[in-house]
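Here is a short tour to read alongside the sequence and the 3D view. Take it section by section, and keep the viewer open as you go.

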Amino acid sequence: MKILYISHLHPPKNAPLKSIGGMQRVSIQLVSELQKKDDIEIKTLIQHAPWKGIEWRTALFLFKLNTTLPGIVRRFEPDVILYSSMVTASLAAMTRKRISVPMVTINHGQDVKLPVPVYQKFVPKVFKALDGVISVSEATRQECIKRGMDPEKGVALPNGFDLNGMQKKYSKQEAISALEKQFGINLEGKSLLLTVGRQVKRKGHAWFLKEVLPKIQANVIYLAIGEGPEHESLQQLVREQGLEGNVLLVGKQPDLTLQQAYTAADI
């Protein structure tokens, strides 16, 4: 199978970001795995760019591809065009009349629900132009259906998790010691609960702090890695609930800290 893969999500070449987001990680690992398959030939059209200025860089990236993509398709003759997100999948709506190859996108949640009126008006046109939609959760698939996607076009396929290299670098005790030193905590005799992700309402951080953590009888520390629009309100909630001794909201962290946290965590 020949796949033409299009993404705007990768960090600069030879200068990986200290903290890579979930959508970037999915895209990078997907390309790596597809390149290993003997029965797949993959050609990539990828924007490598830093976070700063990503909006205008992406607009220029898509503008150029809108012109050049039909020619690239004629030369490469892919069996399918695979987009990394709804942002790059906007090309499907712009080029559908000029390209007959099946087009499929992956979508992640925020790229479907982005609260920009002009963008939301365009989303149904993108779904109409696509031949398939892979959502990373059933909740995201339902949001696609609400925005006009034919249910038969979409499937929910949760992200996998690659443990290779994570637990081999540290023993659990080494990872615990590193976290204790970095965050000034004592984990002796305590269970470590871990959440990594963007702090938005739909992911349930506030619900967990209000409805679950107070009911846990065991001695636990809850470590939440990530930022987002709910970060400050979660900090306030921790103070209101008197959970300062049990909850750490530490924002974005580099991969080294993530590896230590995954290894040290009990849940």
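Let's begin with Q142, which sits in helix α6, the stretch covering residues 138-146. Please keep in mind that this is a predicted model. With a relative accessibility of 35%, Q142 counts as partly exposed, because that value falls between the 20% limit for buried and the 50% limit for exposed.

From Q142, you can look across to V155: the two are 13 residues apart in sequence, and their C-alpha atoms are 9.9 Å apart in space.

## The chain as a whole

Stepping back, the protein chain holds 10 helices and 9 strands. Its C-alpha trace spans about 60 × 40 × 35 Å along the principal axes.

Of the 267 residues in the chain, 45% are buried.

## S7, inside strand β1

Strand β1 runs over residues 2-10, and S7 is part of it. S7 counts as buried because its relative accessibility is 0%, and the cut-off for buried is under 20%.

Which side chain does the side chain of S7 meet in a polar contact? The partner is the side chain of S84, at 3.3 Å. Leaving aside residues up to four places away in sequence, S7 touches S27, L45, I46, Q47, F61, S84 and T88.

## Where α3 meets α5

Next, find helix α3 (residues 86-95) and helix α5 (residues 117-129), which pack with their axes 8 Å apart and at an angle of about 65°. That angle makes α3 roughly perpendicular to α5. The crossing of α3 past α5 is left-handed.

On the α3 side, the contact uses M86, V87, A89, S90, A92, A93 and M94; on the α5 side, these meet Y119, F122, V123, K125, V126, F127 and A129. By type, the residues of this α3 and α5 contact comprise 12 nonpolar, 1 polar and 1 charged.

## Where α8 meets α9

Another helix pair is formed by α8 (residues 205-212) and α9 (residues 231-241), whose axes come within 10 Å and cross at roughly 5°. Are these helices roughly parallel or roughly antiparallel? The crossing angle makes α8 roughly parallel to α9.

Helix α8 contributes H205, A206, L209 and K210 to the contact, while α9 contributes L234, L237, V238 and Q241. The residues of the α8 and α9 contact divide into 5 nonpolar, 2 polar and 1 charged.

## α10 and its surroundings

Helix α10 takes in residues 255-264 and is mostly covered, with 7 of its 10 residues buried. The buried ones are T257, L258, Q259, Q260, A261, T263 and A264. They pack against helices α1 (22-35) and α7 (172-183), and against strands β7 (191-196) and β8 (220-225).

Since its relative accessibility is 18%, F183 counts as buried. Not counting residues up to four places away in sequence, F183 touches L223, L248, V250, Q253 and T257.

Note on methods: Residues are numbered from 1 along each chain as its sequence is written. This is a predicted model: local features need pLDDT of at least 70, side-chain atom pairs count only at pLDDT 80 or more; totals for chains, interfaces and linings use all residues. Side-chain values use heavy atoms; hydrogens and water are left out. Axes are lines fitted to C-alpha atoms, for helices over the stretch in contact, and angles run from 0 to 180 degrees between N-to-C directions. Helices (H or I, at least four residues) and strands (E, at least two) are DSSP runs, numbered from the N terminus. Angles under 35 degrees count as roughly parallel, over 145 as roughly antiparallel, 65 to 115 as roughly perpendicular and the rest as oblique. A crossing is left-handed if the near helix is turned anticlockwise from the far one by less than a right angle, and right-handed if clockwise. Contact means heavy atoms within 4.5 Å. Ala, Val, Leu, Ile, Met, Phe, Trp, Tyr, Cys and Pro count as nonpolar, Asp, Glu, Lys and Arg as charged, and the others, Gly among them, as polar. Buried means under 20% relative accessible area, exposed over 50%, partly exposed in between (1.4 Å probe, protein chains only). A polar contact is a pair of N or O atoms within 3.5 Å; within protein, one must be able to donate a hydrogen and the other to accept it, and residues adjacent in sequence count only if both atoms are side-chain atoms.
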